[in-house]
Amino acid sequence: MSVSLAQPLQFFDAYCGIGICQQPQPDWIIEPEKLLAAMDHYGIGKALVYPNYIRAIAPPERGTEILRECCRISNRFEPLAPIYPHPYPDLPSVESQLERAKAMGARAAWCNAVSAPFTLLTYGEIISRCAKLQLPILVEEAGDTIAQLDRICESFPSLRVIYAGGSFRSDPLLFPLLRKHENIHVCLGPAYIPPWGPMRFVESFGPKRLLFGSGMPRCTPGGVVGHVAYAGLSLDERQLIAGGNLERLLKEAWL
Amino acid sequence: MSASLRENALLGRPCPFPIFDIHAHVGQFSGITGPSHSCIVAEMDRLGVAGMVVSSVEAIYGDVARGNDEAAKACEMFPNRFWAYAHVTAQQPALLGRELERCFRNPCFKGIKVYQVGVDYDSPAFDEVWAFAQERRLPILAHTWGGNLTGFDRAAERFPNANFIAGHAGSDGSWPIYAAAAKRLPNLYLDLTYSREEAGLMENLVGAVGAEKVVWGSDSQCFSLSHQAGKIMLARLDDAAKKTILHDNPVRLFGFGQKTA
């Protein structure tokens with residue numbers, strides 16, 4: 001099957017960090033302007049971005065401000081709003097965090113497991129609200145994420161999930177999870193690059209549950225772009241993976 | 001004006017010159033189920049990969065002769081698309097020379113593959129392998145990881161007329177170690193096969209050692225061939241460097257076909 005395209009795919013990156021962080025490496029592109037230039041090089045039109053700042057235990061409120069500031073620079077950045085579980089009543093409630101997310105135009109939430117492990121117990125209230133709002137949540141692999149997602153999605157089957165940070169060895173765990181919970185979507189890349197491209201995934205689950213994810217700034221996106229561009233799939237299927245699926249998920253959010 | 005390799009890749013077009021993949025496998029790793037040979041060849045066609053040199057997964061894990069036969073069988077099924085490495089291991093010293101002699105009676109074998117298990121590459125146990133390679137001008141690909149060359153560089157120094165290729169160069173942030181070794185040794189080359197694409201890895205490695213010391217492999221059957229090709233095709237390198245890596249170096253080291261203009 002020839003896969004050559006008349007026009008490049010429209011990539012919408014589902015997994016990208018932005019802005020300052022505690023210990024950037026020399027090759028990380030974290031400044032919004034430089035990130036835009038990198039996106040141009042790799043053919044990425046838009047990116048759903050989280051603040052690099054709070055991948056460590058930095059103050060979450062400041063992280064959200066940084067995200068807002070970065071997203072103001074270009075409408076090619078779509079904010080992935082961090083939503084935190086707070087154990088104390090004097091800290092921002094889930095409702096107030098969702099209101100703040102709405103105010104910045106967010107249509108997806110980041111359940112960042114840095115300050116609280118991603119479990120039904122810790123994130124239950126957040127998950128309940130996100131499920132009702134059809135607000136997709138992005139969660140990253142943290143060792144037992146797939147097992148936690150299984151429990152969470154049993155309780156909240158309508159929850160829309162974007163699972164990121166898998167590897168080329170994830171399928172034995174991931175495929176049973178995907179068979180059981182139809183609202184779980186998967187970021188293709190940066191290391192979730194199983195052999196034979198995305199074709200085996202699409203054979204099992206169709207083209208609507210895979211999303212392109214660059215892994216910037218830690219990773220360079222060229223490989224994942226090639227993985228999608230050269231896939232032995234129809235143009236429509238590749239466009240869904242490149243960006244169409246993420247567009248749809250964000251459009252369907254009610255926030 | 002012809003499109004750049006980057007523009008080609010964004011349009012999913014095959015590379016305009018033949019690419020050679022010098023690090024691939026036949027067989028299945030546990031928990032990673034690769035596609036059939038036919039699917040791999042179809043993916044090679046989409047990318048413009050003319051040929052790949054495969055070693056057997058079974059051989060890596062100790063079933064050496066059977067694994068090498070499996071690699072040869074793949075070459076028979078797809079002549080001039082698959083070429084083979086003879087895999088040998090110092091864990092089976094009595095088999096080393098005999099297995100090399102046996103394999104290289106078949107012209108589909110183009111190089112020697114070794115894996116990092118127990119015996120360092122500069123152990124005298126491996127000397128017979130390096131001498132065989134040197135005498136027959138065969139390239140040697142070794143699995144290395146994370147900057148731990150386990151003597152592969154020292155073996156290259158002792159056998160200067162054989163070409164040594166360090167696999168997974170730059171893995172786990174270790175590119176400066178690999179670059180230093182390749183700069184020091186004219187017969188040590190770096191293979192880019194790696195499941196991750198850490199920021200700037202391609203540009204850093206090539207910038208440090210020059211494209212002439214870098215070769216491309218996919219580790220196909222372990223992970224995605226297209227991903228590994230995209231890393232180079234879309235890298236922030238000029239097209240001449242990309243062609244050197246994807247075509248010129250493997251043609252020179254393995255003797256594939258004729259060099260294109």
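Biologist: Which residue is the bridge partner of B:Tyr85 in strand 4 of chain B?

Modeller: In this predicted model, the partner of B:Tyr85 is B:Gly111. Four bridges join strand 3 to strand 4 (residues 109-114) of chain B, and the two strands run parallel.

Biologist: What makes strand 3 and strand 4 of chain B a pair?

Modeller: Two strands pair if there are at least two bridges between them. Strand 3 and strand 4 of chain B have four, so they meet that rule. Strand 2 (residues 49-56) of chain B is also joined to strand 3, by three bridges and again in parallel. There B:Met52 has B:Phe82 as its bridge partner.

Biologist: Why is strand 3 of chain B called largely enclosed?

Modeller: A residue is buried when its relative accessible area is under 20%. Six of the six residues of strand 3 (residues 82-87) of chain B are buried, so the rest of the structure largely encloses the strand. Both faces are covered: B:Phe82, B:Ala84 and B:Ala86 lie on one side, and B:Trp83, B:Tyr85 and B:His87 on the other.

Biologist: Why are strand 4 and strand 9 of chain A said to stand at the edges?

Modeller: Six strands of chain A form an open sheet with parallel pairing, in the order 4-5-6-7-8-9. Strand 4 (81-82) and strand 9 (210-212) each have a single partner strand, so one side of each has no neighbour in the sheet. Within this sheet, strand 5 (residues 109-110) and strand 6 (residues 137-140) of chain A pair over two bridges. A:Trp110 stands opposite A:Leu138 in strand 6.

Biologist: How do you know that A:Glu61 and A:Arg100 form a salt bridge?

Modeller: The rule asks for a side-chain nitrogen of Lys or Arg within 4 Å of a carboxyl oxygen of Asp or Glu. For A:Glu61 and A:Arg100 the N to O distance is 2.3 Å, so the pair qualifies. A:Glu61 belongs to helix 2 (residues 60-73) of chain A and A:Arg100 to helix 3 (residues 94-103), so the pair ties together parts 39 residues apart in sequence.

Biologist: What makes the pair B:Arg184 and B:Asp153 a salt bridge?

Modeller: The closest N and O atoms of B:Arg184 and B:Asp153 are 3.4 Å apart, and the limit is 4 Å, so this pair qualifies as well. B:Arg184 is in helix 8 (residues 175-184) of chain B and B:Asp153 in helix 7, 31 residues apart.

Biologist: Why is B:Arg184 called partly exposed, and B:Asp153 buried?

Modeller: Partly exposed covers the range between the buried limit of 20% and the exposed limit of 50%. B:Arg184 has a relative accessible area of 44%, so it is partly exposed. B:Asp153 has 11%, so it is buried.

Biologist: What is found across the interface of chain B and chain A?

Modeller: The rule finds 15 residue pairs in polar contact there, but zero salt bridges. On the contact count, 38 residues of chain B touch 43 residues of chain A. The two chains bury about 3200 Å² between them, 57% of it on carbon and sulfur atoms. B:Leu10, B:Arg46 and B:Arg236 supply 20% of the area that chain B buries against chain A, more than any other three residues.

Terms used. Residues are numbered from 1 along each chain as its sequence is written. Chains are lettered from A and ligands numbered from 1 in the order in which they are written. This is a predicted model: local features need pLDDT of at least 70, side-chain atom pairs count only at pLDDT 80 or more; totals for chains, interfaces and linings use all residues. Side-chain values use heavy atoms; hydrogens and water are left out. Contact means heavy atoms within 4.5 Å. Buried area is the accessible area (1.4 Å probe) that two parts lose on being put together, summed over both. A polar contact is a pair of N or O atoms within 3.5 Å; within protein, one must be able to donate a hydrogen and the other to accept it, and residues adjacent in sequence count only if both atoms are side-chain atoms. Buried means under 20% relative accessible area, exposed over 50%, partly exposed in between (1.4 Å probe, protein chains only).
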